[in-house]
Amino acid sequence: VSTQSTWEAVVSTQSTWEAVVSTQSTWEAVVSTQSTWEAVVSTQSTWQAVVSTQSTWGSHIKNMIVGILTGYRYKMRLVYAHFPINASITDGGKTVELRNFLGEKVTRKVAMRGSTTIQAGELKDELYIDGPDLDDVSQSAAAIHGKCLVRHKDIRKFLDGVYVWAKGPFGEEKAI
């Protein structure tokens, strides 16, 4: 049985765009009219590897479209039991410095990837990580979380750290 998987997205824009990409199987990224354009990634192959690659291409294109139109936001909270964690945003939102984690004197510095920026959130001890590239935004959040991991202690007791509590396209973040 031959199956054809197709991913489609229609987005309003003022420009016209046209391209065709081909690899081992039939890949298409086509079409334009004056006010809308559509990207179609399709294949006639039934090989799982080819269909998986096609799905990955479709997801990347969708993420790029959403990133350019709205952007992505990750919301993080500074969680502590005794020693308050201090976060200082420097370099115009390109770097964050975390101090007093578990009472330590070490300053942890994390640089944002790509065109990602960080800012203070609306709530107390909240950080917003914004950017057009989902990979850069998520990797920046992971780097901040990774810098504040509790080591050599019982992690069931020491829950201090910086955790993502909501993520998604800008304005449509969902709690996780």
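**Salt bridges across the predicted model.** Six salt bridges are found when the whole structure of this predicted model is searched. Among them is the pair Arg73 and Asp130, whose closest N and O atoms are 2.7 Å apart. This pair links distant parts of the chain, with Arg73 in strand 3 and Asp130 in strand 8, 57 residues apart. Arg73 and Asp130 are both buried.

**Salt bridge between Glu104 and Arg108.** The side chains of Glu104 and Arg108 meet at 2.6 Å, N to O. Glu104 counts as partly exposed because its relative accessibility is 32%. Arg108, at 14% relative accessibility, counts as buried.

**Salt bridge between Asp154 and Arg156.** The closest N and O atoms of Asp154 and Arg156 lie 3.1 Å apart. Asp154 has a relative accessible area of 35% and is partly exposed, whereas Arg156, with 69%, is exposed.

Glu126 belongs to strand 8 (residues 126-131). A polar atom of the Glu126 side chain lies 3.3 Å from the backbone nitrogen of Glu122. Residues touched by Glu126 include Lys75, Arg77 and Trp165.

**Helix 2 and its buried side.** In helix 2, the buried residues are Asp136, Val137, Ser140, Ala141 and Ile144. These residues cover an arc of only 130° around the axis, so they are on the same side of helix 2. They pack against several strands, including strand 3 (72-79) and strand 9 (161-169). At the N-terminal end, Asp133 caps helix 2, with a side-chain oxygen 3.3 Å from the backbone nitrogen of Asp135.

Conventions: Residues numbered from 1 in each chain as written. Predicted model: local features only at pLDDT ≥ 70, side-chain atom pairs only at ≥ 80, totals over all residues. Heavy atoms only, no water. Helix = DSSP H or I, 4+ residues; strand = E, 2+ residues; numbered from the N terminus. Polar contact = N/O pair within 3.5 Å; in protein donor to acceptor, adjacent residues only side chain to side chain. Contact = heavy atoms within 4.5 Å. Buried < 20%, exposed > 50% of the residue type's maximum accessible area, 1.4 Å probe, protein only. Arc of directions from axis to C-beta. Salt bridge = Lys/Arg side-chain N within 4 Å of Asp/Glu carboxyl O. Lists of a residue's contacts leave out its neighbours within four places in sequence.
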